[in-house]
Structures are given as C-alpha cells and as structure tokens.
Amino acid sequence: MGNPFRFGTVVTGEDFADREKELEELARKLRGTVRIFLLAPRRYGKTSLIKNVLDLLGRQGMLTAYLDLYWPNSSQEFLELWMSNVVRSSRSIARRAARFVKDFLPRVRPKISFDPTGSPQISLDLPGPTLAEAAEDVFNLPERIAKAEKKRFVVVLDEFQEILRLDGEALERQLRAAIQHQKNVSYLFAGSKPRILTDMVSDETRPFYQMGTLMTLDKIPEKEFTQFIESKFSKSGKSISPEALGILMRRSENVPHYVQLLCFYLWDHFQGVSRIEESHVQEAIEITLRSQEPAYLTLWEGLTLHQRKTLKAAAALKGRLLTAKETIARFRLEAATNVAKSLKALCAKSILRKEKEGYVFEDVMFGRWLEGHGA
Ligand SMILES: Nc1ncnc2c1ncn2[C@@H]1O[C@H](COP(=O)(O)OP(=O)(O)O)[C@@H](O)[C@H]1O
Ligand SMILES: [Mg+2]
C-alpha cells in the first residue's frame, strides 16, 4: 500500500481532514454574490480548502475559475491567465472558447490556441488595445459568460497580495472598477500575507477598501486532526501511540503541512514498525531536518550576524520577550532598537511572522533546526 500522507500538493477527498464548517460556510456564501478575503499564513491549507469548495460548487452547476497570482510576472500575463482560466471553467465553454472570445472581447482581439488536451490558451496581442481597455473587457468576461449561460460564476484569486507586485495599484483599481457592479460573479481572494491583505481592504485610500468581508482560516482543531492521522495509520496497518502523536503535533505546531510531512516520513522510514512511538517521531524530525539542511544553510548565510543572533533568541524563547533586558544580555543583542530592526528584516524576508503571542517561524522546521544548533 502507498504512503497515505500527502504534503506539498493540494489535498482533496479522503486526504482532506475536517474543515467541514469552513467548506460549508464558503460554499453557501459563494453561491450568492459576495467578495470574500480568505486569510491564513502559508501551509495552513487555504488552497486545499478552496479546491474542495470549487469542486463542490462545480458539481452543483456553478462555473468556477481558479487563478494563482504567484505565477504571472506582468499585468499582461495576469490578463492572459484570467482569460484562459475563465474560458476553461467548464468543458462546454472551453469547446466554445473561440466564440466567447470573439463575442465578449472584441476590443482585445486575443489569440487563442489549444494545447494537446484541447484546453484553450489565450494570449494578448499588445499593443492594440491599451492595457486599461484590455483589462476592462477581460475582467468583465466572467460576468458576460455567466449571463450568457444563465449560471453563476465563482472566481478565485489565490495569493492575491501578489497583485501589488504586478502593476502597483493601477491593476487593483481596474479590477475593482470592473467587478464592483457584477451581479452574477462571486470572488474569493485568498492570501498568505494576512497583514498586507488586511491593509488592502481596511485602508480607505486603497482601491480595495471595503471590497469584501474578511475570513481567517485557523489551524485544524487538534482533536479532529489527530483522529484523521490515527485513522490513516490504522487503515494502513499501523498504529501510533498517544505520546508520539502528542510530540508530533507539538513539534509541527499543528501546521497542516508539517503534520503531514512528519507523518509521511514516519510512514516511509519505519515500514517494518507496527506501532509508532516517541523515539520514531524524534528520528523522523532528524531526517527531515537533515534533508532541509542545505536550504537552511543558504538561508542562514544570507543573514547578518545580528539577525542570526535574533533568530536564535526567537527559536529559544518561542518568539517571546525578544526585546526584554535579560534576552538582550543573554543573546548579546546590544539594544532593543537593534532587535526591533532585525525582527523587521526577518519578517520582511518571510522568515518570521508576528502574531499576537510573539514571533513565529514561517517554516516551523527551520525553528526546529535552530533549536538543534544550540538555540
Ligand atoms: N484539510 C487538510 N487535511 C489534511 N492536510 C491538509 C489539509 N489542508 C492542508 N493540508 C496539508 O497542508 C499542505 C499545504 O496545504 P495548502 O492547501 O497548499 O496550504 P496553503 O494554500 O495555505 O499554503 C497540504 O499539502 C497538506 O499536506
Ligand atoms: Mg496556497
């Protein structure tokens, strides 16, 4: 039997634990006409939740499009991705893509081609229309298709904060202007930089001010997640002791990606072992850290001496009391202002993230690696 644990990919179906309430709530809201901002740090399971919601809505007859803003490198590429994915919203629309493109994007005159699987690929021929003209028509495409098909549309923009990287606020403004009057399309904006996204909707000088409601995705409740893991082990003929499971959840800080990653290595490495104990978890962590060491060393080498000391303090103190006098003395951090400066830089590099209780490592295992090096 194959390894029942999955990480690094979207999880669906029986690989998808719990999230029933979130799934139901999102699906229910998105059937109306809404704009929702879904926020959570990386690796909490946003994309997986979204894909499950879209599958459900698709089965209920809605048109759906999913765009990951991580990939386009310019406004033009973003518009191309938008057009291509919108016309792929259903097989029947994809088949008629050429017609939709001709009818609904007359100014844009995009080029349409089909990949070997018959999936339409649309590219923009600029100059021709200005980018602003193209954007207006392209952003209205889902509404026009929805009307023509008498169906509702849901468009997801994942990693939405990346829009800022494309064309500053101009594109944001064009997007707002186009979608704010649409009646048949719901939008779900997801992102792993909760701060940046919150600023986008709560600052009145920004184009997306009050454009939607915020929803934060928490970790999966520990009870549900541990039940899921136990059952995965037992279905594959293994068991895991409560102590081992406890350590696993603590060391992975219950972040779904790391929980699955450790389980994957446990399952993979201890094939002959029928019951997983604490020592096995410790060893699985060692293996994980060893495999990540080259990447962690590169990261480490890119930091200033003071940032390194600050990180060690953050690992040792679980991100708390970092500017306290004793901390500064113990880790030789010089002064609170220096610590503040290093923390700011480490957050900007997405190594740390500020939360209510203190600073946490974006990569949980990087924190574990530092602990293993005397932090
Ligand atoms: N509901 C879930 N049940 C089990 N594992 C999950 C769940 N959600 C996420 N994961 C784990 O976390 C990993 C990252 O999920 P992903 O959806 O890509 O997160 P995000 O989009 O927030 O970065 C997945 O590959 C999987 O290992
Ligand atoms: Mg994601």
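## Briefing: strands, cores and rings

Strand β1 (residues 35-39) is mostly covered, with 4 of its 5 residues buried. Keep in mind that this is a predicted model.

**Strand pairing around β1**

- β1 runs parallel to strand β6 (residues 185-191), and 5 bridges join the two.
- If you want a spot to look at there, Arg35 has Tyr187 as its bridge partner in β6.
- β1 also pairs with β7, again in the parallel sense, over 4 bridges.
- On that side, Leu38 stands opposite Met215 of β7.

- Strand β3 (residues 111-114) and strand β4 (residues 120-123) are antiparallel partners, with 4 bridges between them.
- Ser113 sits across from Gln121 in β4.

**Nonpolar cores**

- The largest nonpolar core has 72 residues, and the members touching the most others are Leu38, Ile229, Phe233, Leu311 and Phe366.
- Helix α11 (residues 256-269) supplies the largest share of this core, 7 residues.
- Apart from that core lies another one of 46 residues, including Leu105, Leu124, Ala146 and Ile163.
- Which residues does Ile229 touch, leaving out those up to four places away in sequence? They are Phe5, Leu245, Met249, Val259 and Cys263.

**Helix α3 against helix α7**

- Helix α3 (residues 75-87) packs on helix α7 (residues 163-179) at an angle of about 65°, and their axes are 9 Å apart.
- From α3, the contact takes in Ser75, Phe78 and Trp82, while α7 brings Ile163, Leu166, Asp167, Leu171 and Leu175.
- By type, the residues of this contact split into 6 nonpolar, 1 polar and 1 charged.

**Aromatic rings**

- There are 23 aromatic pairs in the structure.
- One of them is Trp82 with Phe139, an edge-to-face pair at 4.8 Å centre to centre, with 65° between the planes.
- That pair links distant parts of the chain: Trp82 belongs to helix α3 and Phe139 to helix α6 (residues 131-149), 57 residues apart.
- Is Trp82 buried or exposed? Trp82 counts as buried because its relative accessibility is 0%, under the 20% cut-off.
- Phe139 is likewise at 0% relative accessible area, so Phe139 is buried too.
- Ring pairs also tie a cluster together, made up of Phe37, Phe78, Trp82, Phe139, Phe160, Tyr187, Phe189 and Phe208.

**A buried arginine**

- Arg206 is in the loop between α8 (194-202) and β7 (213-216).
- Its relative accessible area is 17%, so Arg206 is buried, given that the cut-off is under 20%.
- What does Arg206 touch, not counting residues up to four places away in sequence? Its contacts are Leu164, Glu169, Glu172, Asp199 and Met200.

Key: Residues are numbered from 1 along each chain as its sequence is written. Chains are lettered from A and ligands numbered from 1 in the order in which they are written. This is a predicted model: local features need pLDDT of at least 70, side-chain atom pairs count only at pLDDT 80 or more; totals for chains, interfaces and linings use all residues. Side-chain values use heavy atoms; hydrogens and water are left out. A nonpolar core is a set of buried Ala, Val, Leu, Ile, Met, Phe, Trp, Tyr and Cys residues joined through side-chain atoms within 4.5 Å. Buried means under 20% relative accessible area, exposed over 50%, partly exposed in between (1.4 Å probe, protein chains only). Contact means heavy atoms within 4.5 Å. Two strands pair if DSSP finds at least two bridges between them. Axes are lines fitted to C-alpha atoms, for helices over the stretch in contact, and angles run from 0 to 180 degrees between N-to-C directions. Ala, Val, Leu, Ile, Met, Phe, Trp, Tyr, Cys and Pro count as nonpolar, Asp, Glu, Lys and Arg as charged, and the others, Gly among them, as polar. Rings of Phe, Tyr and Trp (its six-membered ring) pair if their centres lie within 6.5 Å; planes under 30 degrees apart count as stacked, over 60 as edge-to-face and the rest as tilted.
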